[in-house]
Amino acid sequence: MTRVLVVDYGVGNLLSVCRAFEACGAAVELTGSPERIAAAERVVVPGVGAFGDCMNELQRRKLVQPILDYVATGNPVLGICVGMQMLMQVGEEFGEHTGLGIAAGRVRAIPGTASDGRPHKIPHIGWNALLKPSPDTVWDGTILDGIAPGTTCYFVHSFTCVPSDDKLRLADCDYNGQRISAALRVGNVFGTQFHPEKSGEVGLRILRNFLALTQAGSKLTLNPAIAAG
Amino acid sequence: MANVRLIARLDIKAPNLIKGVHLEGLRKLGDPQQHARAYYADGADEIIYMDIVASLYNRNSLSDIVRRTAEQVFIPITVGGGIRSLEDVEKALRSGADKVAINTGVVMRPELIGEVATRFGSQCMVLSIEAKRGGSGKWEAYTDNGREHTGLEVVAWAKRAVDLGVGEILLTSVDQEGTRKGFDIELTRAVSDAVRVPVIASGGMGAFNHLVEVVRDGHADAVAMADVLHYKRMTLPDIRESARQAEIAVRTL
């Protein structure tokens with residue numbers, strides 16, 4: 001059975017993430033223990049609420065270094081929502097906060113107006129289509145393996161990642177003309193701004209893709225049998 | 001334009017799914033989980049569970065229903081009814097809810113909005129408003145299924161609540177609820193245009209054009225449906241397809 005460790009640092013609805021992975025057939029360990037993280041097959045960093053609060057909790061529970069050490073092993077890591085945002089260097093929610101710094105760039109407020117200048121609703125809540133940021137973007141062998149561009153997932157957020165290097169963008173979405181970073185990839189580390197655990201059967205497929213990733217040499221390979229479920 | 005969310009609203013008097021008219025005169029309609037699962041399979045964008053007797057008895061008995069639903073339904077679940085404190089919110093989230101909808105609790109103590117938003121994020125804090133039309137084009141917010149006056153004017157209350165940290169508004173028209181005669185378009189528009197957070201229109205869906213009206217003219221960001229789904233008057237795939245034909249953006253499945 002595929003194992004996944006979900007980092008518990010006292011925020012948010014962690015049950016949903018755990019249950020969704022269980023529905024994908026994984027053995028889920030929910031823990032805030034640095035030692036357990038070091039021993040994990042793959043690690044998920046969820047996150048709900050404000051960037052600064054989440055980072056403070058990771059620091060208070062002495063989880064920042066264990067997560068960074070784990071990232072360095074090359075094993076698969078997935079950050080969800082604020083868990084993805086914390087991969088960046090700096091978050092701008094309620095003042096500037098230092099992030100994990102795995103991806104160069106910042107987390108900025110979604111502009112309060114659509115691209116035509118009219119005000120639009122913030123938070124961005126709802127189902128939005130995943131798009132390839134560039135024609136060269138490859139989803140095969142990633143958490144988006146087998147997902148067709150235009151597939152919708154569930155978002156709820158007011159801030160968005162702006163990586164310094166566009167190549168880190170795995171998927172974008174369009175919110176009334178504003179570019180939203182939907183998914184990122186930095187080597188073995190993935191992030192989704194959307195909630196795969198709340199994105200129906202498509203979301204479960206994305207979680208199974210993550211479960212199907214294993215480290216081989218310095219690269220990740222995807223086991224199609226696990227991804228297919 | 002952002003995709004309009006099609007939300008299945010399930011009013012609960014534990015252990016049953018129920019449905020009334022103007023939030024009163026309740027009929028039992030069966031097992032809520034079974035309905036929630038079916039709506040999930042049919043492509044509902046979200047589920048709302050409202051414990052509609054909780055406020056009367058000062059309790060919340062939805063936990064078990066939510067817990068079992070969240071094991072099989074992988075879309076956002078909002079839970080409302082009887083939530084009065086941070087502990088109640090935490091309990092709902094621990095059962096598997098993603099958001100809580102609060103009416104009485106924040107009318108009595110508006111500071112609860114900020115407390116919930118700070119602790120769990122504003123995305124979690126849904127303001128539930130039960131609105132009744134008064135004289136002179138205004139609406140008053142009610143509690144306890146439209147029974148108790150609050151003295152709060154709906155638009156002003158919505159704006160104030162958003163300033164306090166609400167991330168979304170579930171706006172139920174008590175006048176229209178259960179009538180199948182269409183949403184209160186003016187109400188929805190007045191609130192939606194006054195706040196920067198998304199507004200879910202609830203109460204009155206009976207025909208497909210009601211959805212078109214409340215989105216196009218009422219500026220609703222999401223539409224909650226109960227009666228039409230529970231009595232199988234319409235199906236979610238049909239509603240979604242009709243929306244698409246009317247050029248209302250909805251997600252593709």
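The legends below describe close-up views of a predicted model. Residues are numbered from 1 along each chain as its sequence is written, and chains are lettered from A and ligands numbered from 1 in the order in which they are written. Local features need pLDDT of at least 70 and side-chain atom pairs count only at pLDDT 80 or more, while totals for chains, interfaces and linings use all residues.

**View 1. Two helices of chain B pack together, α3 (residues 63–70) and α4 (residues 86–95).** Helices (H or I, at least four residues) and strands (E, at least two) are DSSP runs, numbered from the N terminus. The angle between α3(B) and α4(B) is about 35 degrees and their axes are 8 Å apart. Axes are lines fitted to C-alpha atoms, for helices over the stretch in contact, and angles run from 0 to 180 degrees between N-to-C directions. B:Ser63, B:Val66 and B:Arg67 of α3(B) meet B:Lys91, B:Ala92 and B:Ser95 of α4(B); contact requires C-beta atoms, placed from the backbone, within 7 Å. By class, this contact has two nonpolar, two polar and two charged residues. Ala, Val, Leu, Ile, Met, Phe, Trp, Tyr, Cys and Pro count as nonpolar, Asp, Glu, Lys and Arg as charged, and the others, Gly among them, as polar.

**View 2. Strands β14 (residues 213–216) and β15 (residues 219–222) of chain A form a hairpin.** The strands run antiparallel and are joined by four bridges; pairing requires at least two bridges found by DSSP. A:Thr214 has A:Thr221 as its bridge partner. Two residues lie between the strands, and A:Gly217 takes a positive phi near 65 degrees.

**View 3. Strands β2 (residues 16–21) and β3 (residues 24–30) of chain B form a hairpin.** Four bridges pair them in the antiparallel sense. B:Lys19 is partnered with B:Arg27. This hairpin has two residues between its strands, and B:His22 has a positive phi near 55 degrees.

**View 4. Helix α3 (residues 51–60) of chain A has buried residues.** They are A:Phe51, A:Asp53, A:Cys54, A:Met55 and A:Leu58. A residue is buried if 20 or more other C-beta atoms lie within 10 Å of its own, exposed if 12 or fewer, and partly exposed in between. The elements of chain A against which these buried residues pack include α4 (64–72), β7 (103–109) and β10 (159–163). After α3(A) comes A:Lys62, with a positive phi near 55 degrees.

Key:
Contact = placed C-beta atoms within 7 Å.
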